[in-house]
Amino acid sequence: MWKATGYICLCSHHNSAVLQLLETILDLAERQTLSLDQFCSTCLVRRPVRSKHCSICNKCVAKFDHHCPWVDNCVGAHNHKYFLGYLFFLFCMLSIGFYGHILYWQHNCPIDFYEDGITGTVIKIMKTSPWVGWMAANSVVHMTWVSILFLCQLYQVMWLGMTTNERLNYTRYQYLHAFTGGSTSSDAEEAGSHGHSHSRKHLNSNHPFHRGVLKNLIDVLNMRCCGLFRPNTIDWEHLFDTPGPSDSKEKMAFNFPRENYQFV
């Protein structure tokens with residue numbers, strides 16, 4: 001009897017969830033906003049611009065950048081600045097640690113690269129303290145990938161004004177196609193006369209969300225400095241249309257349940 005009751009409750013809960021999803025689809029169709037490129041087939045909701053469904057978190061993330069395995073979370077609209085801070089302070093910590101290793105070697109094993117060479121220097125370091133040498137090698141390795149990732153993030157945020165997902169998959173997004181060049185005959189003739197494409201140039205300078213190198217950084221970090229800076233605050237969870245050249249804050253009201261979004 002208990003199993004049957006539990007089965008009936010489970011079925012009723014499943015039916016209510018299906019009905020809610022069907023109502024969402026019907027409402028989207030009635031509003032004429034049911035677009036396949038902005039519709040999440042997993043969550044069955046209309047996705048905002050620049051959002052993406054994360055297969056690992058199984059959530060739609062606003063202004064999706066990437067899923068970071070190091071923090072075990074998605075990097076999106078609300079935590080992108082914290083991810084940049086994480087990379088910056090991690091690099092500073094590794095640099096301070098490596099500087100401590102150098103001070104240790106200066107006091108315990110003076111190194112002369114001209115006389116000892118690389119092999120002799122490594123032997124001296126390992127003889128003095130294998131553990132310090134191993135920690136220094138780890139510091140160098142981690143400083144390398146952290147610095148590369150941090151510079152890559154700054155390049156995407158400041159110079160491109162794009163997320164990692166948009167940079168890797170920009171051919172999939174319609175709001176980026178209009179700015180990649182080659183869409184008009186004049187662009188095609190110009191590319192043919194010079195023998196190369198100008199898509200990268202158009203992508204950098206005419207991106208719909210690109211506001212300038214410094215302003216892009218201010219927007220992501222949301223820096224105000226007592227009113228000195230004015231970041232462009234956009235509600236990425238409710239931006240369903242690409243802003244035009246004269247309206248950079250165009251929004252569309254949409255009254256749908258927000259539990260399907262991962263607020264990061």
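These entries record what I looked up in a predicted model.

**Entry 1. Conventions.** I worked with a predicted model in which local features need pLDDT of at least 70 and side-chain atom pairs count only at pLDDT 80 or more, while totals for chains, interfaces and linings use all residues. Residues are numbered from 1 along each chain as its sequence is written, and side-chain values use heavy atoms, with hydrogens and water left out.

**Entry 2. Helix α2.** I took helices (H or I, at least four residues) and strands (E, at least two) as DSSP runs numbered from the N terminus. Helix α2 has 29 residues and reaches 42 Å from its first C-alpha to its last. That is close to the 42 Å expected at 1.5 Å a residue, where the expected span is 1.5 Å times one less than the number of residues.

I then asked which residues of α2 are buried. Buried means under 20% relative accessible area, exposed over 50%, and partly exposed in between (1.4 Å probe, protein chains only). The buried residues are His80, Phe83, Leu84, Leu87, Leu90, Leu94, His101 and Trp105. They pack against β5, β6 (73-75), α3 (113-128), α4 and α9, with contact meaning heavy atoms within 4.5 Å.

I looked at Leu90 individually: this residue of α2 (residues 80-108) has a relative accessible area of 16%. The C-alpha atoms of Leu90 and Met143 are 8.4 Å apart in space, although the two residues are 53 apart in sequence.

**Entry 3. His67.** His67 lies in strand β5 (residues 66-68) and is buried, at 18% relative accessible area. Leaving out residues up to four places away in sequence, I found that His67 touches Cys54, Ile56, Cys57, Asp72, Asn73 and Cys74.

**Entry 4. Helices α4 and α9.** I next examined how α4 (residues 130-160) and α9 cross: their axes come within 7 Å, at roughly 115°. Axes are lines fitted to C-alpha atoms, for helices over the stretch in contact, and angles run from 0 to 180 degrees between N-to-C directions. On the α4 side I noted Leu154, Val157, Met158 and Trp159, which meet Val213, Asn216, Leu217 and Val220 of α9. By class, this contact has seven nonpolar, one polar and no charged residues. Here Ala, Val, Leu, Ile, Met, Phe, Trp, Tyr, Cys and Pro count as nonpolar, Asp, Glu, Lys and Arg as charged, and the others, Gly among them, as polar.

**Entry 5. Salt bridges.** How many salt bridges does the structure hold? I found three, a salt bridge being a side-chain nitrogen of Lys or Arg within 4 Å of a carboxyl oxygen of Asp or Glu. Side chains of opposite charge can pair when their charged atoms come close.

One of them joins Asp241 and Arg46, at 3.8 Å from N to O. Asp241 lies in the loop between α9 (213-221) and β7 (261-262) and Arg46 in strand β2 (residues 45-46), so the pair ties together parts that are 195 residues apart in sequence. Asp241 is partly exposed at 26% relative accessibility, whereas Arg46 is buried at 5%.

Arg50 and Glu166 form another, with their closest N and O atoms 2.7 Å apart. This pair links distant parts of the chain, 116 residues apart: Arg50 is in the loop between β2 and β3 (52-54), and Glu166 is in helix α5 (residues 164-168). Arg50 is buried at 5% relative accessibility, and Glu166 is buried at 1%.

I also recorded the salt bridge of Arg211 with Asp219, at 2.7 Å from N to O. Arg211 is partly exposed at 31%, and Asp219 is partly exposed at 21%.
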